[in-house]
Amino acid sequence: IALKRRADDERRTRMANFPYIKTLADFDWGFQPSVPRGLVEQLATLEFIDRGAQRRPASNDIDPPAVNTSLMDLGSRDAFD
């Protein structure tokens, strides 16, 4: 499975016609010292996606949308005119 995934990644990269491939390992952290290296590397792991999915409420836990009362007011005014 890993070999197929790597081949798929390489094919997509070729099809994207990138002029060159750069990774975070290639980034010059000294050139841009204001970039928080630890944070960028942590975000690159994409762990926040899994954590967000665990915190997402089930669809039946979400309240129904609020009624737009301003539209109801407009409708009631029209009925009395």
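**Entry: ground rules**

I number residues from 1 along each chain as its sequence is written, and my side-chain values use heavy atoms, with hydrogens and water left out. Since the model is predicted, local features need pLDDT of at least 70 and side-chain atom pairs count only at pLDDT 80 or more, while totals for chains, interfaces and linings use all residues.

**Entry: confidence**

I looked up pLDDT, the predictor's confidence in each residue, from 0 to 100. The chain has a mean of 78, and 65% of its residues reach 70 or more.

I counted 5 salt bridges in the structure, taking each as a side-chain nitrogen of Lys or Arg within 4 Å of a carboxyl oxygen of Asp or Glu. For exposure I used relative accessible area: buried is under 20%, exposed is over 50%, and partly exposed is in between (1.4 Å probe, protein chains only).

I began with Asp8, whose salt bridge with Lys4 has its closest N and O atoms 3.2 Å apart. Both residues sit in helix H1 (residues 2-16), 4 residues apart, about one turn of the helix. Asp8 is buried at 18%, whereas Lys4 is exposed at 55%.

Asp8 also meets Arg11 in a salt bridge, at 3.9 Å from N to O. Asp8 and Arg11 are about one helical turn apart, because they are 3 residues apart in helix H1. Arg11 is partly exposed, at 36%. Which residues do the shared partners join into one network? I noted Lys4, Asp8 and Arg11, linked by salt bridges that share partners.

Next I checked Arg6 and Glu10, which form a salt bridge with the closest N and O atoms 3.1 Å apart. This pair also lies in helix H1, 4 residues apart, about one turn of the helix. Arg6 is exposed at 57%, and Glu10 is partly exposed at 37%.

**Entry: aromatic pair**

I describe a pair of aromatic rings by the distance of the centres and the angle of the planes. Rings of Phe, Tyr and Trp (its six-membered ring) pair if their centres lie within 6.5 Å; planes under 30 degrees apart are stacked, over 60 edge-to-face, and the rest tilted. The structure holds 1 such pair. Phe27 and Trp29 make it, edge-to-face, with 4.6 Å centre to centre and 65 degrees between the planes. Is Trp29 buried or exposed? I have Trp29 as buried, because its relative accessibility is 13%, while Phe27 is partly exposed at 34%.

**Entry: nonpolar patch**

Finally, I looked up a nonpolar surface patch made of Leu39, Leu43, Leu46, Phe48 and Ile49, with about 450 Å² of accessible area together. Helix H2 (37-44) and helix H3 (47-55) are the elements that give two or more residues to the patch. Patch members have over 30% relative accessible area and no salt bridge; like charges are joined within 9 Å, nonpolar side chains (Val, Leu, Ile, Met, Phe, Trp, Tyr) within 5 Å. The areas come from the Shrake-Rupley method with a 1.4 Å probe; for residues, only the protein chains shown count as cover. Leu46 lies in the loop between H2 and H3 and is partly exposed, at 45%.
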